[in-house]
Structure formats: C-alpha cells, structure tokens
Amino acid sequence: MKPFRRARDGAIVAVFEREEAEIIARLASESAELVEAVRSGVDPASDPALLRLLPDAYPDDAEASVEFRRFTTDGLAERKALNAVTVVEALSAAGGGSGGGGSARGRIEVRLDAQEATAWMRAIGDIRLVLASRLGIVEDGDDGDVHDDETAMLRAIYDWLAFVQDTLVGAVWKGAR
C-alpha cells in the first residue's frame, strides 16, 4: 500500500495492492452485514462485536439501556452500514474489492472526497472494533488471543488497518489546516 495523501486537487488518495483492497472490501461488507442484523432484530448483546459497535449507554441500568437502544440503535446501525458501504463502493469504483477491473499490476488507486474520507475513517474504526472483539483486545497494549494462524492473521490485519487509518487521518488533517 502507498499511504493516503492529499492530492493537489484536494482528493484523498491511496494505492492498494489488489489483495489489500479485497481484504478491506470483504471486512467492510461483513461489518455492514453485522450492523444490519441489528436492524433486523438481532440483540447487540448477543455478539461481543456488536456490543462493541453499539455499546450500552447505561451499563449499570438495564432499563435505561433498553430505552436508549429503542430510540437510537436503528439510526446508528444504519449510519455504520452506510459508512461500510461507502468503503466497498469506493474500492469497487477504483477496480478493487470483489472482482473489479484495476490495473494490470494489481494496484488499485482510491480517490476520496472529504465526505467519503470521513466514512472510511469511521468504517475502518468499526472494522477494528470488530477485530479487537474477536481477538480479545480490550484496550491499547493488549496483545489479544493470538493462538493459531487465523488469529495471527486477524491481528496482522488489525495492526495494518491502524496504519491505513492513521495515514487517512493524516491526509484529511493536512487539508484541514
């Protein structure tokens, strides 16, 4: 990956290897499906990853939490799903993601406007929350439960997405000054 940067025309641009774009697209799609399940009636408390994405507003007051969720969960889940879909669509438009065109060398250039960049930052944060939940990472400095090749790969993706997000934030911030 060539990190996100601010282009002269104001766009936020990065170049991904095809495999990297496919990983991000798949994880974003899975994230959208996960939060959409809540809109279909799945209780966020049924999955630790969902609970990380849609935490209890009042963890010490079950009744207040239920009431708060009743008024906010659908809207929050919808926004999170739309952010994830923005990632998938941007990768698809660039020829990446699930089977798009792209260059012969397998590199995908993604160009984002400010609104898309914000959606990407939020979606990557959500994806990292899901991965952290699956790995048992609770706070900074936790290693998580890496006990086999699959969890080692998840941890590597989690760390790599931190880099992706950091370069994205840096490129957006550069344009805000």
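Predicted model: local features only at pLDDT ≥ 70, side-chain atom pairs only at ≥ 80, totals over all residues.
From H3, pick Lys 80, Asn 83, Ala 84, Thr 86, Val 87, Ala 90 and Leu 91; from H4, pick Glu 116, Ala 119, Trp 120, Arg 122, Ala 123 and Asp 126. Coloured by class, this set gives seven nonpolar, two polar and four charged residues.

Stay with H4 and select residues 114-135. Its 22 residues should span 32 Å at 1.5 Å a residue, and the end C-alpha atoms are 31 Å apart, so the two values agree. At the start of H4, zoom in on Asp 113, where a side-chain oxygen comes to within 3.1 Å of the backbone nitrogen of Gln 115. Then jump to the other end: just after H4, Gly 136 has a positive phi of about 80°.

Now bring in H1 (residues 18-39) alongside H3 (residues 62-93). Their axes come within 8 Å and cross at roughly 160°, which means that H1 is roughly antiparallel to H3. This crossing of H1 and H3 is left-handed. To see the contact, select residues including Ala 21, Ile 24, Ala 25 and Ala 28 of H1, with Ala 77, Ala 81, Ala 84 and Val 88 among those on H3. By class, the contact of H1 with H3 comprises 14 nonpolar, two polar and five charged residues.

Technical notes. Residues numbered from 1 in each chain as written. Heavy atoms only, no water. Helix = DSSP H or I, 4+ residues; strand = E, 2+ residues; numbered from the N terminus. Expected span 1.5 Å × (residues − 1). Polar contact = N/O pair within 3.5 Å; in protein donor to acceptor, adjacent residues only side chain to side chain. Axes fitted to C-alpha atoms, helices over the stretch in contact; angles between N-to-C directions. Parallel < 35°, antiparallel > 145°, perpendicular 65-115°, else oblique. Left-handed = near helix turned anticlockwise from the far one by under 90°. Contact = heavy atoms within 4.5 Å. Nonpolar A, V, L, I, M, F, W, Y, C, P; charged D, E, K, R; others polar.
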